[in-house]
Amino acid sequence: MSASSDYQRLRSHLAFLRMAAAAEALPGVLEEATKAKLSHSAFLERLLGIEVEAVDERRRASLARFASLPSPFTLADFDFSAQPSVDRSLIAELGTLRFVEDATNVLFIGPPGVGKTMLAVGLGHAAVAAGMRAYYTTASELAARCHRAALEGRWATTMRFYAGPRVLIIDEVGYLPLPAEAASALFQVVSQRYLKGSIVLTTNLGIASWGKVFNDDAMVAGAMLDRLLHRSVVVNIDGDSYRMRSHRARAEATRKAVASRG
Ligand code: ADP
Ligand code: MG
């Protein structure tokens, strides 16, 4: 058997196995192996290493696409000095994603602009980087999707979809009161993930006012909170809005500039 027919068969094995990166790298790695007198195992390791890297990269890119995170900000971008009510070490602990292991939920509670979405999304990026399936949605998006699913007879599939990700981010619960049907969809999503998969949820409503989300249906609100809080980390953020803060800083700078000119 000639070396060139070995080479051709190796190419076709790699093509059959869909190892495109290894196939592409093959001539170079072979040449390198000859020059550096690599052992068989060192050669094979180098070739497969290239394929593993390419597959890993693809998997991460596909996890990132699937996650639908609305901004690129990570936990590292969060300015803790601007938000003293947020415990830096708690967020660092959450960033290790240990909470995902026992399906603990994370609730970010606070007024608009204090960084709830940023922190939830930051946890989403951390999950993706760790190779986990994460998914971001807003409460009203979730409600709309469940509504369509009910109309189109895809309820069960849609519920399975929300059960799937290791980390499900539900942003902006409580901004809009949810109609009864939407509230029950949210309740079902929370119930079926209970003790199985983490939910990272943000809300502008203190837990005491959760009845409002569910149109004063205290039963649903209570049952939902039981499941959400049973195993949970609650992060209350009560500082100033970051947007308002930077707006104020800009306004202040402008005022000073104007004053020094005048
Ligand atoms: P919320 O969801 O609580 O309404 P966001 O997370 O949307 O607030 O934050 C509002 C804006 O301010 C975003 O652009 C966010 O990136 C930024 N922001 C908020 N808090 C911080 C912070 N502590 N450090 C850096 N940027 C912040
Ligand atoms: Mg938000």
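Is Gln-83 buried or exposed? Gln-83 counts as buried, at 2% relative accessibility, where buried means under 20% relative accessible area, exposed over 50% and partly exposed in between, with a 1.4 Å probe and protein chains only. This is a predicted model, in which local features need pLDDT of at least 70 and side-chain atom pairs count only at pLDDT 80 or more, while totals for chains, interfaces and linings use all residues. Residues are numbered from 1 along each chain as its sequence is written, chains are lettered from A and ligands numbered from 1 in the order in which they are written, and side-chain values use heavy atoms, with hydrogens and water left out.

Gln-83 belongs to the loop between helix H3 (40-67) and helix H4 (88-95), helices being DSSP runs of H or I with at least four residues, numbered from the N terminus. Once residues up to four places away in sequence are set aside, Gln-83 touches Phe-78, Val-114, Ile-237, Gly-239 and Asp-240, contact meaning heavy atoms within 4.5 Å. With Val-114 there is also an approach at 3.3 Å, from the side chain of Gln-83 to the backbone oxygen of Val-114.

Elsewhere, Ala-33 sits in helix H2 (residues 20-35) and is likewise buried, with a relative accessible area of 11%. Leaving aside neighbours within four places in sequence, Ala-33 is in contact with Leu-38 and Phe-43. Asp-226, by comparison, is 193 residues from Ala-33 in sequence and 61 Å from it in space, C-alpha to C-alpha.

We turn now to the ligand. Around ligand 1 there are 14 residues, of which the closest are Asp-79, Gly-113, Lys-116, Thr-117 and Met-118; a residue is included if one of its heavy atoms lies within 4 Å of the ligand. This shell divides into 7 nonpolar, 3 polar and 4 charged residues. Helix H6 (116-129) and helix H12 (242-261) each supply at least two residues of the shell, and H6 gives the most, with 3 residues.

A nitrogen atom of ligand 1 lies 2.8 Å from a backbone N or O atom of Asp-79. An oxygen atom of ligand 1 is 2.8 Å from an N or O atom in the side chain of Lys-116, and a backbone N or O atom of Met-118 lies 2.8 Å from an oxygen atom of ligand 1. Taken alone, ligand 1 exposes 550 Å², of which the protein buries 84%, the areas coming from the Shrake-Rupley method with a 1.4 Å probe.

Technical notes. A polar contact is a pair of N or O atoms within 3.5 Å; within protein, one must be able to donate a hydrogen and the other to accept it, and residues adjacent in sequence count only if both atoms are side-chain atoms. Ala, Val, Leu, Ile, Met, Phe, Trp, Tyr, Cys and Pro count as nonpolar, Asp, Glu, Lys and Arg as charged, and the others, Gly among them, as polar.
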